[in-house]
Amino acid sequence: MHVLRVGLLVLLGALLTGCGYNRLQQQDEQVTAAWSEVLNQYQRRADLVPNLVNTVKGAVQAEKDILDSVVEARARATSIQATPELINNPQAFQQWQAAQGELSQALSRLMVVVERYPELKSISGFDDLRAQLEGTENRIAVARKRYIDAVQTYNVTVRSFPTNLTAKVFGHESKQNFSVENEREIARPPAVDFGRTESGPQQQTPPAQPAPQPQVEKPG
């Protein structure tokens with residue numbers, strides 16, 4: 001009887017391996033891990049925003065609307081509970097994605113504005129904060145790329161035969177990924193270069209002079 005049980009377990013294991021069950025579990029864990037890193041980096045950016053706003057506020061009081069838009073965008077982005085289950089809820093995923101895109105756009109506008117205030121460079125801690133934000137945006141891009149790749153691999157397995165049959169039996173469905181349109185908007189990190197390029201006046205090319213017309217002698 002013991003030998004029979006062992007044989008059945010071995011046979012069951014072989015069947016599960018052949019039908020892609022183990023591969024689905026492994027890839028599902030990879031997607032979850034990649035998604036957790038995406039959320040971690042977005043949270044890191046959200047944590048930097050208050051410091052950024054408070055540091056810039058004193059120097060750019062005239063840009064209160066821009067600062068307020070950043071604060072409001074951060075509030076919307078952090079109001080959506082970003083859990084691992086979010087990638088299984090298309091509507092919630094789209095809302096979270098849109099909120100993060102709004103924050104990226106607000107930060108981009110702020111970065112453009114502060115370039116007009118060279119006195120920011122003299123504020124203690126500003127350069128360090130700028131470097132942290134730039135590094136965070138790069139980490140977001142890397143984490144998002146890894147998530148995109150993990151989801152693509154997982155979704156191919158879920159939709160391919162015969163593993164799609166196993167996926168249906170065990171409730172595995174395609175997971176949400178960043179849309180192409182959203183990638184174009186939020187994959188571009190906000191510009192954080194506060195240096196101002198000095199360029200002299202451009203030389204304008206003088207207008208071309210009309211070619212002289214040949215003189216035609218009139219008959220005497």
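A nonpolar core here is a set of buried Ala, Val, Leu, Ile, Met, Phe, Trp, Tyr and Cys residues joined through side-chain atoms within 4.5 Å, with buried meaning under 20% relative accessible area (1.4 Å probe, protein chains only). The model is predicted, so to speak of local features takes pLDDT of at least 70 and side-chain atom pairs count only at 80 or more, while totals for chains, interfaces and linings use all residues. Residues are numbered from 1 along each chain, and side-chain values use heavy atoms, without hydrogens or water.

**View 1. The largest nonpolar core, with 25 residues.** Leu-52, Val-56, Val-70, Leu-110 and Leu-120 have the most contacts inside this core. H4 brings the largest share, 8 residues.

**View 2. Around Val-70.** Skipping neighbours within four places in sequence, Val-70 is in contact (heavy atoms within 4.5 Å) with Val-49, Val-53, Leu-103, Ala-106, Leu-107 and Leu-110.

**View 3. Another core, of 22 residues.**

**View 4. Lining of the largest pocket.** A pocket is an open set of points on a 1 Å grid over the protein atoms alone, where a 1.4 Å probe fits, with protein on both sides within 12 Å along at least five of seven lines; lining residues have an atom within 4 Å of a point. Tyr-42, Gln-43, Thr-78, Trp-96 and Gln-100 are among those lining the largest pocket. H2 gives the most, 4 residues.

Terms used. Buried < 20%, exposed > 50% of the residue type's maximum accessible area, 1.4 Å probe, protein only. Helix = DSSP H or I, 4+ residues; strand = E, 2+ residues; numbered from the N terminus.
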